[in-house]
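Student: I'd like to learn how to read the packing and the charged pairs in a model like this one. Could you walk me through it?

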Amino acid sequence: MNNNPKSLRKIRALIFDAEGVLIDTEPLWDMSQEAFLQHYGKTYERNRVKSLLTGRSLAEGTAVLAQIYALPGPLDELIRQRQEIVQSCFQTNVTFIPGARAFLARFGRKLPFGIATSMDPDMFLGIAEKLDLLSLFPAISTLHQTQGRGKPAPALFLDCAARLNVAPVDCLVIEDAPLGIEAARRAGMLCAALTTTYEATLLEQADVIVHSFDEFGDWLASHLDF
């Protein structure tokens with residue numbers, strides 16, 4: 001575990017990324033990326049491109065794929081095609097990341113929670129309703145609130161902190177991706193990284209790296225005064 005907590009005793013709120021942190025959608029994204037690129041005769045190279053996509057909006061990620069793989073056609077059409085494929089993949093069951101529900105129950109009365117996600121807002125809303133996230137999180141920030149500005153821009157995290165009425169410096173972000181960690185740092189927030197999507201070597205810019213919600217919960221409890 002990386003353990004550079006700075007001054008965690010002043011933390012007043014937890015802000016969660018959604019995908020790969022709370023909800024287990026990353027395998028579905030891999031499936032959709034593979035299917036989308038196969039349509040153009042390309043092979044999805046996960047180790048090469050996934051870190052460039054995670055945390056970006058669907059439109060931003062499509063632009064990245066179009067550039068890397070020299071995909072033909074207007075970007076708007078590529079975005080439409082990819083969105084159809086993604087939505088089809090997401091019709092399968094979406095579940096919580098292991099340990100997430102227990103963590104929320106453990107700390108829900110001790111710290112306010114927020115969500116800051118670059119996921120397509122309409123797709124996220126469907127998942128949020130299915131998993132009852134709206135009742136668990138008093139503040140949810142999506143691309144609707146930031147005029148489409150996704151990570152690594154800090155706008156989502158700053159908007160969420162404002163909705164929680166907590167100063168950015170008093171927020172701890174939970175992320176799983178390099179772009180999300182960068183966004184948290186640009187927002188002036190501390191960041192804990194879960195190795196649910198990437199190896200720890202790609203998450204070294206986080207203040208703390210943990211491998212599960214159980215580990216993170218024990219670590220958090222040992223560093224905060226409740």
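Predicted model: local features only at pLDDT ≥ 70, side-chain atom pairs only at ≥ 80, totals over all residues.

Student: Which residues touch the most other members of the largest nonpolar core?

Tutor: The general idea is that such a core is a set of buried nonpolar residues joined through side-chain atoms within 4.5 Å. Here the largest one has 45 residues, and Leu 14, Phe 16, Phe 90 and Phe 216 touch the most other members. Helix H6, spanning residues 121–131, gives the most to this core, with 5 residues.

Student: Now the charged pairs. How many salt bridges does the count come to?

Tutor: For a salt bridge, look for a side-chain nitrogen of Lys or Arg within 4 Å of a carboxyl oxygen of Asp or Glu. By this rule there are 11 in the model. One of them joins Lys 151 and Glu 175, at 2.7 Å from N to O.

Student: Why does the pair of Lys 151 and Glu 175 tie together parts that are apart in sequence?

Tutor: Because Lys 151 lies in the loop between strand E4 (139–141) and helix H8 (155–164), while Glu 175 is in strand E5 (residues 171–175), the pair links parts 24 residues apart in sequence.

Student: Are these two partners buried or exposed?

Tutor: The cut-off for buried is under 20% relative accessible area. Lys 151 has 1% relative accessibility, so it counts as buried. Glu 175 is buried as well, with a relative accessible area of 1%.

Student: Where do Arg 186 and Glu 182 lie?

Tutor: Both sit in helix H9 (residues 178–186), 4 residues apart, about one turn of the helix. Glu 182 is partly exposed, at 36% relative accessibility.

Student: Which residues do salt bridges with shared partners join into one network?

Tutor: That network consists of Glu 26, Asp 30, Arg 46 and Lys 50.

Student: And what does Glu 45 form with Arg 48?

Tutor: A salt bridge, with the closest N and O atoms 2.8 Å apart. Glu 45 is partly exposed, with a relative accessible area of 34%, and Arg 48 is partly exposed at 47%.

Definitions and conventions
Residues numbered from 1 in each chain as written. Heavy atoms only, no water. Buried < 20%, exposed > 50% of the residue type's maximum accessible area, 1.4 Å probe, protein only. Helix = DSSP H or I, 4+ residues; strand = E, 2+ residues; numbered from the N terminus.
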